[in-house]
Amino acid sequence: MIGGEAAHAQYRFDHWTTDNGLPQNSVHGTLQTRDGYMWFTTFDGLVRFDGLRFTVFNKSNSPGLASNQFGTVYEDRFGDLWATLNTGGIARMHRGRFTTYTKERGLPLDGAGICDDGQGNMVIYGNGQLFRWWDGRFEPFNELSLSAQQPSDEGLFRLPPADCWWEGDRWVCYSSGRTRSWAAAELPVGGIYGVTMGDNRDYWFTSPKGVVRFSEGGVAELYDERNGLPGMNPSLVWGRPRPLQAISSDGAGSLWVTNLYSMQSELLSLRAPEGWDLVSNYGGFADTEGNYWFGTNGNGLFRARKQTVMSYTKAQGLNAREVYPLLEARDGSIWIGTRRDGLFRFKDGAFTNYTGEGAFEKYVSSLYEDRAGQLWVNGRNGDTWRFTGAGFVREIWKGVEYSSLGAIQTMCEDRAGAYWIGSEGGILRYQDGVAVHYTTKDGLAGNDTKVIVPDLEDGVWLGGDGGLTHFNDGKFTAWTEKDGLPGAAVRTLKQDDDGTLWIGTYDSGLARFKDGRFTRYTTKDGLYDDGVFQILEDDYGWLWMSCNRGVYRVLKQELNNFADGKSKEITSLAYTRGDGMPSAQCTSGRWPAGIKTRDGKLWFPTIGGVAVIDPASVRVNAKPPPVVIEEMHIDNQPVEIESWETAIRDTQSAIRVEHGQENFEIRYTALSFINSENLRFKYKLEGLDHDWVEAGTRRTAYFSHVPPGDYTFKVIAANSAGVWNTEGKSLGVSVLPPFYRTWWFLTLVALSLGAALAAIYKYRVTQLEGRQAAQQAFTRQLIDSQEAERKRIAAELHDSLGQNLLIVKNWALVGLNALSKDNPAREHLTEISDTTSLALDEVREIAHNLRPHQLERLGLTNTLDHMMRNVRNSSDIEFAVELENIDGLLPRESEINLYRVVQEVINNVIKHSEAGEAQLTISRTAGGVQVLCRDNGKGFDPAAAASSRQSGMGLFGLTERVRILGGNYTIESAPGAGTTITINVNTTQ
């Protein structure tokens, strides 16, 4: 029999020294500031702690500090941090910058202590004098000068017992605007080493023999082991969340924390942690989450925090290295199987060890208690043993080849009374003296069986390496990964009353099997780990699961909502070494891999012992963690402190990232000191990221090559219980563009470009106007030269050659139309028509450059009339002509152009219109001459004709000639609607 100490939900002690972050091993002062940081003073720097990282401020990295030797630390109502210096003077941290005040820099007292005036203002004391920091300087202060306009500071933490001092033979204390003193003779004990003011305006003195309380009425009371104090050498514990407390050590070496008003004590630890010494510690501090912090003289920093998990290990009498199967018997005994240390029975607070000599030989692979209350202990090589109370009796299964079984890993009795034994080599079913061995050949998903549980009817569920199997009505049904099973390494099975089957795997997550469908849950969906070694349901709707990284729980309703599509993620709460687990690595593959006892507690086997959790007493840290953005580095260089402080305090300000600075990183944290390593973060850079970036436990965000623009960096955090601070913190970041992308440069470029374009435009217009003027001059000069040439050619050509050729062609066309298709004369007429057309084209080409001889002899009006008579005689189109006398309205050099315009219009009607009738009207107008030509032909689309170079050549020539005349024209036409052309020539210019 080994005596087992009661495994209370004790506190866990964590210890820090210079080996793991502290700059020096003497921690003199402790404080938690309003933003949530823990601060410690040492003789080699002022230390800030976020739960994971120590940040040390000293002379080498913090301008303004005159010494590294710090004493008391204090925060005023404005958030400024004050600390005394052992070398003399006081250091103040204001908005990230330090200033050291000495007598040379306005400090009235050298070697002064600091305290509070009751309203959150810093007071220094010494030599019977008090000075308060007020309006940027130290002013004389007395107890009557409290400000009526300034209320008390509700956010103030209780100061350590440093606001009291000796003056001669008297203790003098100042607190909350009051000063009191006591002669040494008034104290019932000597050796006073600490004094502070309590919650009821009373004063408490600590001494090696106990705690002395002076009430406001002046009565002294001594508290020691006789009236409520568990031990001696008490030290005070202060802090905002708790009443004044004291820590002491009893005769057995256990540590206790005592409420000094109720004298109710709580056990911190059965024995002091290594390196702990009450005599050398500087008292304690209680933070906002219920943790206790203790600074020591030379032994570093200790933290005590409440454990969720109770442990049974070697310290409590369980002398085992690797624990595997667990079982609660009907008599309330807890049976514990191990891999190398035999079988243990825990009953009435004591452990009994059975080594199994001559039986299972210290190796227990599974445990089972049948309906008759018989305990079965299974081991290697197919061995099964029954415990009779007096010893272990081996069970011989008839007809079984034991060498093929290997270790017996699970056992179950079905409703028919048959025993199912799962082994490395398959399943053994034994009933009424008959044993049947089943393997994959008989339908099992795999031979290596880890778990067997009864179903809701008369069958059993089996799981192991290979998959899931169900036996019912004499046959096996198997599911593997091919059938949708998330993983082949099944470790645990649990069936709900509604038939839902929960399946845990070694490394593929959790599965729900309901209505023939599998739903898989992994770390991607919020599961803490992809290992599920055991599934236990508590009385509050939580499923607890074990894995290689600890124990975690998930609400079953959340899992069902996820499977039913009502939610997209789940939340897991994990418990690890920091919560009291003897080892984070739980064990599996030996059944049962965890049990729920009748009192509702959950027991899990681990590599280092047994972990016990009472769901009824599990505390959830419901406080969202404060989020802090600590610093920002741009291209590996920290942001200058003034810019940083301005951006942190003013949401309208931003950190500037200059062009050419390609990378920046932002370091953030959250201030929860319960499982700080499990805090989770999400961040996003608004303006760049659309969704939150899941950072996990990482506390730095990295950005590279961010486009120019204004952004807001936001970060939120969740504590270890999954409670999110959704407000978080934010920081403005402005990534500046290169100068050539700034607004002023772009504006300047736009203005310059506009001016350049205007200049180019003006130059171009001038150039075009010059060209146009030159072109017009050249055109007129060309016309003059053509006139001379026409006079020479006109003497050689017959006035009417072109018109006669046209008549010949038209008569030839009329003849062709009149002859039958087989008439031999058609060939001659066709040749005549073609030859005439060629000659006519040549004459027209010449005529386009000649002045008709009629213009000089007959005038423009008669020439146009002559031309129209010829057209009527040679065309099938009925032309109606109305000509007014327009002679003399145009200069003689312009008459030829108007003639050509009319000629071009008439030719287009003849060649393209397919009209039966046409009308030409030339009339005088108030401003000049108007030419109107209308036909009833097929019409056309003027826009399409203008865009087609081939069909638009006539229009192009018409346009040029009208422009030379200084006129304009319009065309009204549509397919099937005929054409009307109106030309107006201004003769007044």
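G29 finds its bridge partner in T41 of strand 4, strands being DSSP runs of E with at least two residues, numbered from the N terminus. Strand 4 spans residues 38–42 and is joined to strand 3 by 4 bridges, the two running antiparallel; strands count as paired if DSSP finds at least two bridges between them. The model is predicted, so that local features need pLDDT of at least 70 and side-chain atom pairs pLDDT 80 or more, while totals for chains, interfaces and linings use all residues. Residues are numbered from 1 along each chain as its sequence is written, and side-chain values rest on heavy atoms, without hydrogens or water.

Both strands belong to an open sheet of 4 strands, ordered 3-4-5-6 with antiparallel pairing. Strand 3 (29–32) and strand 6 (54–57) each have a single partner strand and stand at the edges, so one side of each lacks a neighbour in the sheet. From one strand to the next, the twist averages 20°.

Turning to the rings, the structure contains 60 aromatic pairs (rings of Phe, Tyr and Trp, the last by its six-membered ring, with centres within 6.5 Å; planes under 30 degrees apart are stacked, over 60 edge-to-face, the rest tilted). W16 and F49 make an edge-to-face pair, with 5.2 Å between centres and 65° between planes. This pair connects distant parts of the chain, W16 in strand 2 (residues 11–16) and F49 in strand 5 (residues 45–49), 33 residues apart. Both W16 and F49 are buried (under 20% relative accessible area, 1.4 Å probe, protein chains only). Elsewhere, ring pairs gather Y11, F13, W276, Y292, F294 and F302 into a cluster.

How values were computed. Buried means under 20% relative accessible area, exposed over 50%, partly exposed in between (1.4 Å probe, protein chains only). Axes are lines fitted to C-alpha atoms, for helices over the stretch in contact, and angles run from 0 to 180 degrees between N-to-C directions.
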